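Colleague: I am new to this structure. Could we go through a helix pair and then the cavities?

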Amino acid sequence: MTRPLALGNGSLLVALDNDLSIRDLTYPHVGLLNHLNGNSIRLGVWTEGRFAWLSDPAWRKRLLYEDDTLVTRAECEHPDLELTLVVSDCVSHRDNILLRAFTFHNRADRAREVRLFLSHDFNIAETDIGDTAFYNPFLDAVIHYKRDNYFLISGSVETGSGTEAKTEGVFQYTTGIKGFNGAEGTWRDAEDGALTMNPVEQGSVDSTVSFRVEVGAHSEAKIQSWLCVGATLDEVTWAQRHVKEVGFETLRANTANYWRAWSHSHTQSERLDRLPAPIQALFRRSLLTIRTQADNHGAIMAANDSDIMATARANYSYMWPRDGALVAFALDRLGYQDITRRFFLFCRNGLPKDRPALMHKYSADGSWGATWHPWQVDGQSEVPFQQDSTALVLWALWRHYTRHRDLEFVERLYQTFVTPAGDFMADFRDPQTGLPRPSYDLWEERRGIHAYTCGAVYGALEASAQFARLFHDKAREEIYTRAATEVRDGIRAHFWDEGAGRYVRRLTVGPDGTWERDLTIDSALMALFAFGAFPATDERVAATLNQTFERLRVQTEIGGVARYENDYYFRRSDDTARVPGNPWIICTLWQAQFIIARAQTLSELTPALDILQWVADRALPSGVLPEQLDPYTGQPLSVAPLTWSHAEFVATTQRYLDRLEELG
């Protein structure tokens, strides 16, 4: 379950797997709709009567990006075919066009013909019902379409030189039925090196196109291809014309230059220069990866890796307000407010009017995402939600304002988001304890009163009080300030367990009506200091988190920190004494944040730098970070890239540099 290469422009997202197959292609939003939906666009090569898909294990592949860009460079060598293929993909930063450059290096002592095959297995709008694929001779392109989704595939090959130079387009094509009545698809037709030239099919269809090129002995030759995406035939026709008029290489160079500028524009290179090169590189790669997952209409998606659907026919292609808020916080610190403003407006627009608490998750168009939270608990009806999600958006919004001072922008959200949500959180508390009433936890697994939620709600109420002070709303300032104090006092009074010598992760109401403490060690206890409820130097907080990170340490060569004791999710070990759970990137970075917050000397700060280096060492060669790792092999588990992992790396690096400057 890995997408080592992700490309996008906030409207069109393309994600490739380890075989250089495009496995996720979403439009017109990031994460919505996925027009492959588990299928693929894959590559094959034919020469001298032999054929090999890029999934053939004989290919040796190295999947990378060009430095500080969203342009790939994948080097693929097939010793038996005596060929090296370099594939460079990018999505135009301005237009919904995937540009694909293929360079063949002939390692043989003889000239020969090489054919490239591109097989497209769309499920347009996430279903194969009613699709059409046809060859358009006026455009020399194969087009797939259904309703307002059009996909145009074409390309060109430069042959000859000087006065003999000419441009050829598609060599062969075919369309066909797939996955129905025993039909495998046109990819099978490709494996003899020739296509049957079937011009049109409807229903459950796929297509394959080929290009051919003559490659001299120990020489190279290039093929250019493009996939244009739009809502109408006119749109994709214009996009192809744009490629030809502006020039393929010009568009590709413009895109590479844009992303280099973007990834450097707010990163304060002089600060990053104090870090080891791998950390600097991952910092910028993280920013670029985050951008691929940020929709232009505001949603910041958790991940787009459809392999996860093998677990429950569900995916991560949603915006969790929790994740989005933490991503926005990381981006705002660097000045990328164009993305974060859209995010905050998205949350404002999604806030329910009758009960101003954000729902579990959202699709990129603002509709509710799928959920597993029930609407009836113990015979009682309730609207399920995670209170920390709304709280973190408020917390992040205040930090957005302190960074950018965009009074006119936040004034638009004060009456429409801050006060409804702030009023709700101030009121949605137990009058005896002062703590938030039960909701679902950070991990979306259990209901109760959680330390993480309490820490986030404290931070949100403090932020709401700051907004109220800014807008001279004295009555609300007093309400929010008092509520925040009561939440903090309630944590002290009810979450501390004297016998364990630490705070607990959750309170629930027992059968006799008394509070029961959940003593499970959980990395989410970091919220006690992360959002301002207590300083990291507080003795009880220190005792809690020292125990937490020691008990959750993964005692294998891979290392890292688990989510919580006996974590079940993608479990790889029953040796819970040594492996309390799989190492998570974000949880390991939380330990670094705790170290940074407590460091009083440069030497005390060193372990945090070691953790940043640990994360850089565990990234894929392309720089992509997963959600979690196999505790024995270090291989990615669950989805990759996970936007939250990259955001925590960016935020932790910034905190490290801040503290480094303060101490020395």
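Modeller: Gladly. Keep in mind that this is a predicted model.

Colleague: How do helix α5 and helix α17 pack, roughly perpendicular or oblique?

Modeller: Helix α5 covers residues 277-292, and helix α17 covers residues 643-663. Their axes lie 9 Å apart, at an angle of about 135°.

Colleague: Which hand does the crossing of α5 and α17 have, left or right?

Modeller: Here α5 passes α17, and the crossing is left-handed.

Colleague: Which helix gives the most to the lining of the largest cavity?

Modeller: The structure holds three cavities of 30 Å³ or more, and the largest has a volume of about 100 Å³. Its lining includes W395, Q593, E648, A651 and R655. At least two lining residues come from each of α7 (321-332), α15 (585-598) and α17. The top contributor, with three residues, is α17.

Colleague: How many charged residues line the second largest cavity?

Modeller: This cavity has a volume of about 80 Å³. Among its lining residues are D441, R446, R505, R506 and D522. By class, six of the lining residues are nonpolar and one is polar. The charged residues number five.

Conventions
Residues are numbered from 1 along each chain as its sequence is written. This is a predicted model: local features need pLDDT of at least 70, side-chain atom pairs count only at pLDDT 80 or more; totals for chains, interfaces and linings use all residues. Side-chain values use heavy atoms; hydrogens and water are left out. Axes are lines fitted to C-alpha atoms, for helices over the stretch in contact, and angles run from 0 to 180 degrees between N-to-C directions. Helices (H or I, at least four residues) and strands (E, at least two) are DSSP runs, numbered from the N terminus. A crossing is left-handed if the near helix is turned anticlockwise from the far one by less than a right angle, and right-handed if clockwise. On a 1 Å grid over the protein atoms alone, a cavity is a set of points where a 1.4 Å probe fits but cannot get out, and a pocket is an open set with protein on both sides within 12 Å along at least five of seven lines; lining residues have an atom within 4 Å of a point. Grid points are joined across faces, edges and corners, and a volume is the space filled by probe spheres set on the points. Ala, Val, Leu, Ile, Met, Phe, Trp, Tyr, Cys and Pro count as nonpolar, Asp, Glu, Lys and Arg as charged, and the others, Gly among them, as polar.
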